[in-house]
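Student: I would like to go through how some labels in this model are assigned, setting each value against its definition.

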Amino acid sequence: MPDSLKIKPSLRFTDLTVIVVSLVIGMGIFRTPAEVAEKAGIPSVFFLAWFIGAIVSFIGALIFAEIGSRYPHAGGFYKIFSHCYHPAFAFMVNWITVISNAASTALVAIMGAEYVAPLFFAEWKNDMKVGLIAFVSVLILFAVNMLGIKVSARILKVLMSVKIALLLVIISSIFLLSDTPVDHTTMSILPFSGEWFSAFSLCFIPVFFTYGGYQQTMNFGGDISHAKRMMPRAILTGMVIILFIYLLVNYAYYHALGFETLKTSRTLASDIVAMLMGDTAYRLISVVMFFSVLAYVNVSIMSNPRVYYAMAEDKVMPKLFMRVNSKTQVQQYAVTLFVVFILLTLFFSQSFTSLLKFVMFFDSIGFMTAAAAIFIFRRRAKKSGEVDDTFKMKGYPWLPALFILVYASITITLFIHEP
């Protein structure tokens with residue numbers, strides 16, 4: 001196939017909206033609520049953390065919608081660091097981010113494999129089955145992505161439909177299951193204190209990990225027509241869908257399982273489906289969870305190689321990684337490199353929890369510096385004196401400052417509790 005050095009727009013508004021939703025709804029919502037509940041200690045802190053997380057994440061969506069509108073480029077999350085700060089700084093931040101994203105993708109694939117491993121090869125050791133299923137799943141999605149970005153986007157729509165269907169089943173438990181008896185003494189709000197603040201700040205680590213991902217939409221700036229108009233619409237539409245689903249799902253967990261069970265459960269989706277449909281639904285939910293994971297792995301393979309394209313464009317990676325198959329619009333070499341990172345992590349990964357803390361620590365730094373770029377773009381636009389027809393968020397500069405302050409608190413909290 002002939003190669004070119006330019007990505008041609010081939011995604012539509014619905015494709016990009018699905019990508020936004022897929023980048024955010026990974027496996028987090030099926031696992032992190034238990035961790036948030038454990039750290040919160042009481043329901044009021046639990047729900048307050050998710051609600052504030054939703055507000056802050058929507059502010060973040062507005063910030064990145066404006067940044068994406070002002071600077072729509074392939075690999076945009078790298079490009080803004082290079083354009084607003086310095087290519088060397090962009091190189092360092094994005095290599096850390098891309099490698100940690102590959103590691104996170106590998107570990108999410110392992111989580112999905114753990115759901116279906118008991119269904120196959122009963123005589124094999126579980127670790128061997130999990131590793132093999134995760135490895136094969138990544139290779140299959142690698143092949144799907146090589147078929148073209150349109151094919152990958154269609155597969156993604158199918159996988160996301162499966163995941164959304166599971167989330168809707170969980171939400172339906174609000175109406176189909178009676179209230180779990182609640183110890184009303186746990187509903188009180190603790191007086192404001194250092195202990196309360198510590199619990200609240202620790203909740204933000206899994207909460208923002210679960211809400212994160214929408215900023216990667218900027219990596220598709222070169223894949224859509226009329227990016228200045230379409231990208232903000234897709235990001236905001238996707239985030240409204242996500243925030244609505246997340247808040248309902250967390251209430252469903254609390255409603256069906258009760259807060260004490262919620263704090264200890266590690267299979268939230270399976271527990272609720274079993275209550276709705278009985279134990280025979282175990283195999284079905286295992287397969288559904290596996291396909292839910294594949295949706296996240298697929299969109300990660302689609303998104304992250306766009307950063308390699310941008311880095312090659314700035315001559316900090318070989319020009320080879322700018323090559324795009326003119327027929328399929330796939331960065332064959334960049335996608336291959338990212339998948340190699342994922343497969344290497346499958347061989348060497350040891351601690352999922354430690355790696356997530358590492359990822360969240362550096363993601364917080366990336367979020368803060370990326371969001372701060374909005375001040376630079378606004379200042380440059382004002383100095384240029386040109387007609388500014390891009391999307392502009394409301395609440396500037398106070399809302400971006402608040403967003404940066406919140407993520408700074410996450411970074412500090414992580415450093416204090418996990419030095």
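Student: Why is Ser57 called buried?

Tutor: Buried means under 20% relative accessible area, exposed over 50% and partly exposed in between, with a 1.4 Å probe and protein chains only; Ser57 has 0% relative accessibility, so Ser57 counts as buried. This is a predicted model, in which local features need pLDDT of at least 70 and side-chain atom pairs count only at pLDDT 80 or more, while totals for chains, interfaces and linings use all residues. Residues are numbered from 1 along each chain as its sequence is written, and side-chain values use heavy atoms, with hydrogens and water left out.

Student: What does Ser57 touch, not counting residues up to four places away in sequence?

Tutor: With contact meaning heavy atoms within 4.5 Å, Ser57 touches Phe208, Tyr211, Tyr214, Met239 and Leu243.

Student: What makes the pair of Phe375 and Tyr396 tilted?

Tutor: Rings of Phe, Tyr and Trp (its six-membered ring) pair if their centres lie within 6.5 Å, and planes under 30 degrees apart count as stacked, over 60 as edge-to-face and the rest as tilted. The centres of Phe375 and Tyr396 are 5.5 Å apart and the planes stand at 40°, so the pair is tilted.

Student: Why is Phe375 called partly exposed?

Tutor: Phe375 has 24% relative accessibility, and therefore counts as partly exposed; Tyr396, at 27%, also counts as partly exposed.

Student: Which residue lies over the face of Tyr396?

Tutor: Arg378 does, at 4.1 Å from the ring centre, where the rule asks for NZ of Lys or CZ of Arg within 6 Å of the ring centre and within 35 degrees of the ring normal.
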